[in-house]
Amino acid sequence: MKKLIENLPEFCLSHWLLRIPIAIVFIQQGWMKIPVDSDEAASYDLSVLVWWFVAYGEFLAGIGLLLGGILTARWLYNEGFDWFGDMITRFSGITMCCIMTGVIWIGEPESLWDVILYDNLHVFLWVGGLFFALRGNRT
């Protein structure tokens, strides 16, 4: 069994299978909020300034997640951009975690179990953001 596992090829680009869907969700959600509308912000009991940060944070975090991966691609490999792409990926992941934490808090769940059991999408996006914040481009 060990020999069989050792013979399996390594797919070093598997992080794109997680990176692309998460980026698409954040870009799409941010794009839907632009231009920033004060009435929409008021419907969530948020100020326009906070709503502005949410809208552009979601959009730019998705773009940053893609850009960070592209800047460290082997066909574009340049040691000067390697650390920069990693930094963009990590910052985008932190931004995603912050936004998803706010989204979960606004829902005012009764317990942690309510979040884990019934708010699957936001938990998935939070964990995906945390993954890229902690691992960067070393995936």
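Biologist: Does M1 count as buried or exposed?

Modeller: A residue is buried under 20% relative accessible area, exposed over 50%, and partly exposed in between, judged with a 1.4 Å probe and protein chains only. M1 has 74% relative accessibility and therefore counts as exposed. This residue belongs to the segment before α1, the helix of residues 2–7. The model is predicted, so local features need pLDDT of at least 70 and side-chain atom pairs count only at pLDDT 80 or more, while totals for chains, interfaces and linings use all residues. Residues are numbered from 1 along each chain as its sequence is written, and side-chain values use heavy atoms, with hydrogens and water left out.

Biologist: How many helices and strands are in the protein chain?

Modeller: Helices (H or I, at least four residues) and strands (E, at least two) are DSSP runs, numbered from the N terminus. The protein chain has 7 helices and 0 strands, and its elements run α-α-α-α-α-α-α from the N terminus on. The C-alpha trace spans about 60 × 40 × 20 Å along its principal axes. The chain has 139 residues, of which 33% count as buried. Contact means heavy atoms within 4.5 Å. Among contacts between residues at least 6 apart in sequence, 68% join residues at least 24 apart.

Biologist: Which residues make up the largest nonpolar core?

Modeller: In soluble globular proteins, nonpolar side chains tend to be buried together. A nonpolar core is a set of buried Ala, Val, Leu, Ile, Met, Phe, Trp, Tyr and Cys residues joined through side-chain atoms within 4.5 Å. The largest here has 10 residues: I22, A23, F26, A61, L65, M96, I99, M100, L125 and F132. At least two residues of this core come from each of α2 (15–33), α4 (48–71), α5 (79–106) and α7 (120–135). For L65, the contacts beyond four places in sequence are R19, I22, A23, T89, S92, M96 and F132.

Biologist: Which nonpolar residues form a patch on the surface?

Modeller: Patches are made of residues with over 30% relative accessible area and no salt bridge; like charges are joined within 9 Å, and nonpolar side chains (Val, Leu, Ile, Met, Phe, Trp, Tyr) within 5 Å. Accessible areas come from the Shrake-Rupley method with a 1.4 Å probe; for residues, only the protein chains shown count as cover. L112, W113, I116, L117 and Y118 form such a nonpolar patch, with about 640 Å² of accessible area together. L117 is located in helix α6, residues 112–118. The accessible surface of the protein chain is about 9,500 Å², and 69% of that surface belongs to carbon and sulfur atoms.

Biologist: How many salt bridges does a search of the whole structure find?

Modeller: A salt bridge is a side-chain nitrogen of Lys or Arg within 4 Å of a carboxyl oxygen of Asp or Glu. The search finds 2 salt bridges. One joins K33 and E58, whose closest N and O atoms are 2.9 Å apart. This pair links distant parts of the chain, with K33 in helix α2 and E58 in helix α4, 25 residues apart. Both K33 and E58 are buried. R90 and D86 also form a salt bridge, at 3.0 Å from N to O. Because R90 and D86 are 4 residues apart in helix α5, about one helical turn separates them. D86 counts as buried, at 13% relative accessibility.

Biologist: What is the omega of the peptide bond that joins I34 and P35?

Modeller: Most residues other than glycine have a negative phi, and most peptide bonds are trans. The bond between I34 and P35 is cis, with omega about 0 degrees. P35 is in the loop between α2 and α3, the latter being residues 38–43. D45, a residue other than glycine, has a positive phi near 60 degrees. This residue is in the loop between α3 and α4, and D45 is exposed, with a relative accessible area of 72%. E108 is not a glycine either, and its phi is positive at about 45 degrees. E108 is in the loop between α5 and α6 and counts as exposed at 66% relative accessibility.
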